[in-house]
Amino acid sequence: MDAQQIAEAVRAGMLERDRATRSLGMQVTAIGPGTASVLMQVRDDMLNGFDICHGGFITSLADSAFAFACNSYNVLTLASSLSIELLAPARSGDTLTAHAVEVSLAGRIGVYDVAVNNQRGERVAIMRGRAYRKKGLPVVPLTGHTP
């Protein structure tokens, strides 16, 4: 399998088991080695008392894109930290897309940047995540592939 096929297999396997991502209606729209895009429609039950999307839901979206990107090599990778800047409000009906890209991968540590934009291309949030790779542990079983 090439790197793109591995990333696609990881997407399918992770999404099947990722109840949080699925329960929020998120869709993994793209994945590749070290990158992923995840889409989420803002629902009324995601609004806070100011009638805007609660920052926790935006963070969850960014975190999901981060998770798919850092696990795309089929090496079990867990977040060790993240920081997020909420830049603009999202409202009911908005379609948010989080795009995660790998900034650095050295040994067991990866750093990823995530940009969250609305359907008009306006930046809603930026996040940086740090991940730790669990050497030798695959995300999904793949025939003939050793992480």
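**Figure 1. Overall fold of the predicted model.** From the N terminus on, the elements of the protein follow the order α-α-β-β-α-β-β-β-β, with 3 helices and 6 strands; helices (H or I, at least four residues) and strands (E, at least two) are DSSP runs, numbered from the N terminus. The radius of gyration, taken over C-alpha atoms, is 15 Å, close to the 15 Å that the globule rule gives for 147 residues, so the protein is as compact as a globular protein of that length. That rule is 2.2 Å times the number of residues to the power 0.38. The C-alpha trace spans about 50 × 25 × 20 Å along its principal axes. This is a predicted model, in which local features need pLDDT of at least 70 and side-chain atom pairs count only at pLDDT 80 or more, while totals for chains, interfaces and linings use all residues. Residues are numbered from 1 along each chain as its sequence is written, and side-chain values use heavy atoms, with hydrogens and water left out.

**Figure 2. Surface and burial.** Of the 147 residues in the protein, 40% are buried (buried, under 20% relative accessible area; exposed, over 50%; partly exposed, in between; 1.4 Å probe, protein chains only). Among contacts (heavy atoms within 4.5 Å) between residues at least 6 apart in sequence, 64% join residues at least 24 apart.

**Figure 3. The largest nonpolar core.** This core has 37 residues, of which Ile58, Leu61, Leu96, Val114 and Val116 touch the most other members. Two or more residues come from each of helix H1 (3–17), strand E1 (27–32), strand E2 (35–41), helix H3 (55–70), strand E4 (95–106), strand E5 (109–117) and strand E6 (123–133). H3 gives the largest share, 8 residues. A nonpolar core is a set of buried Ala, Val, Leu, Ile, Met, Phe, Trp, Tyr and Cys residues joined through side-chain atoms within 4.5 Å. Beyond its neighbours within four places in sequence, Leu61 is in contact with Met26, Val38, Leu39, Met40, Leu96, Thr97, Ala98 and Val116.

Figure 4. Ala106 has Ile109 of E5 as its bridge partner. The hairpin of E4 and E5 has 2 residues between the strands, and Gly107 there takes a positive phi near 65°. E5 and E6 also pair in the antiparallel sense over 9 bridges, and the bridge partner of Gly110 is Ala131 in E6. With 5 residues between the strands, the hairpin of E5 and E6 includes Gly121, whose positive phi is near 80°.

Figure 5. Asp51 lies in the loop between E2 and H3 and has a positive phi near 65°, although the residue is not a glycine. At 53% relative accessibility, Asp51 counts as exposed. Asn74, in the loop between H3 and strand E3 (77–86), has a positive phi of about 65° and is likewise not a glycine. Asn74 is buried, at 0% relative accessibility.

Figure 6. Cys53 is buried at 5% relative accessibility, and Cys70 is buried with a relative accessible area of 4%. A search of the whole structure finds 0 disulfides, a disulfide being a pair of cysteine sulfur atoms within 2.5 Å.

Definitions and conventions
Two strands pair if DSSP finds at least two bridges between them.
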